[in-house]
Amino acid sequence: MSEHLSAAVLSAAVDGELEGAELARANEHLAICLQCSSECLWNGLLKRRVADAGARYELPSSLEERMRRVATGGSARRSNWGSWAAVAALVAVCVGAVVMQRIWRERAQQAAFIGEVLDQHIATLAAAAPPEVISSDRHTVKPWFQGKLPFSFNLPAALPAGMTLDGANLTYLDRRPVAQLLFSIGKHRVSVFVEQSADERAVSAAERAGFHVVSFRTVELEAVAVSDAEAGRVAELMQALRAAQ
Amino acid sequence: MTLLPWKRAHRDVKPAAQGFEQLAMPLLPSLYNVARWLTRDAVEAEDLVQETFLKALRGFAGFEQGSNFKAWIFRILRNTYLSSRNGLAARRTVALEEELEDSSALVPEGAIDRATPELNLMRLADRAALEDAMQSLAPPLLEVILLCDVEEMKYREIAAVLEIPIGTVMSRIARARVALRASLEGHRGSAKKVVV
């Protein structure tokens with residue numbers, strides 16, 4: 001009988017790693033050696049038992065979820081089209097975010113401005129003090145602002161029927177000097193705030209707390225009217241003012 | 001030893017081009033199981049797997065589609081483990097490594113006790129005893145037996161993962177089995193030298 005097989009050969013035999021002459025020699029020996037056959041059988045059983053016992057630890061579901069996110073989020077080998085689509089989508093999202101941010105900022109500024117204009121108008125209505133310049137004469141009111149404002153404006157020679165000029169105040173909006181022209185439409189008071197045109201502030205017709213807010217803008221001036229008078233009448237007044245510029 | 005052994009192992013199996021998720025996720029339970037055995041700690045095992053995944057994902061662009069992904073990612077796991085605190089401690093089994101690196105030095109005949117097969121079979125049926133025996137294996141023997149018996153890797157795949165010659169793989173597996181057997185039998189004989 002040939003020499004017993006070594007432990008390494010016996011292991012390799014149960015692992016299916018013997019080939020050629022080595023395999024033939026091992027088979028030849030195992031066929032006649034009870035001891036080595038027994039060892040080979042034992043190694044086979046050990047291999048199966050280790051396979052069972054070795055698969056001992058179960059993957060935690062939390063780790064699986066985390067790793068799936070890692071594998072999915074950073075999934076390499078995406079196609080070029082996928083990469084470009086992802087880049088395009090990212091750019092679109094960024095541009096959209098910038099546009100939306102600008103729109104929101106403008107709306108916020110507009111809302112703040114309208115609120116400030118409204119507050120000024122209500123304060124004027126509530127104040128017991130008369131306007132700083134009291135006159136229905138445009139040649140009195142306009143010159144009063146000389147040296148007080150860094151701009152000039154015109155007043156219409158004639159106002160629509162039922163409207164009168166009551167006077168004016170020098171006030172401030174957003175820390176800028178503004179002419180507050182006071183009109184009456186019937187018994188309704190109208191404040192028209194006139195300031196230098198600021199491109200970033202676009203005010204259109206709106207309504208807030210029962211007051212109508214109507215505006216126009218020229219190249220140099222911006223005017224905003226606030227009143228609880230009929231919106232059409234306020235707009236008529238603003239058209240007359242605009243025509244005078 | 002080959003420079004890029006995992007690219008040579010199992011070249012006959014060439015799956016279609018797949019993404020990282022498709023290749024890596026099915027191996028996650030195996031990676032965790034081996035990591036848990038090596039680190040002997042649940043938290044460290046999770047950290048090891050996570051770091052392995054991140055490294056593999058970063059290096060996936062350099063992975064050659066169609067080559068052995070399993071060997072590739074297990075090699076990353078093993079190298080990551082070796083660079084960890086636990087792994088560095090495991091590396092200190094210098095004497096064992098030196099002995100095992102000699103691929104021609106196969107297990108001595110005297111290491112096998114051929115006298116008590118019935119007793120061996122009875123002890124083999126004791127799962128707790130076997131788990132204890134596995135846990136007591138030196139890291140180089142534990143990793144090789146896990147890759148061989150649990151992960152059912154061929155010797156050339158194991159050689160690719162561990163970056164050692166196939167002869168050394170063969171020797172270590174034989175020594176691991178002798179050590180397990182010695183542990184199950186409660187022997188303190190020649191096999192103990194391998195375990196310590």
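**Interface and chain architecture of the predicted model**

Across the interface of chain A and chain B in this predicted model, 17 residue pairs are found in polar contact, with both partners at pLDDT 80 or more; a polar contact is a pair of N or O atoms within 3.5 Å, where, within protein, one must be able to donate a hydrogen and the other to accept it, and residues adjacent in sequence count only if both atoms are side-chain atoms. On the side of chain A that touches chain B, α1 (7-14), α3 (34-54) and α4 (61-73) each supply at least two residues, and the largest share, 15 residues, comes from α3(A); helices (H or I, at least four residues) and strands (E, at least two) are DSSP runs, numbered from the N terminus. Seven salt bridges are counted between the chains, among them that of B:D149 with A:K47 at 3.0 Å, N to O, a salt bridge being a side-chain nitrogen of Lys or Arg within 4 Å of a carboxyl oxygen of Asp or Glu.

Chain A comprises seven helices and seven strands, and 39% of its 245 residues are buried, that is, under 20% relative accessible area (1.4 Å probe, protein chains only).

The model scores ipTM 0.76 and pTM 0.53. Chain B averages a pLDDT (the predictor's confidence in each residue, from 0 to 100) of 77, but the value stays under 50 over residues 101-107 and 187-196 of chain B. Where pLDDT is low, the predicted coordinates should not be read in detail.

Residues are numbered from 1 along each chain as its sequence is written, and chains are lettered from A and ligands numbered from 1 in the order in which they are written. Local features need pLDDT of at least 70, side-chain atom pairs count only at pLDDT 80 or more, and totals for chains, interfaces and linings use all residues, while side-chain values use heavy atoms, with hydrogens and water left out.

How values were computed: Buried means under 20% relative accessible area, exposed over 50%, partly exposed in between (1.4 Å probe, protein chains only). Contact means heavy atoms within 4.5 Å.
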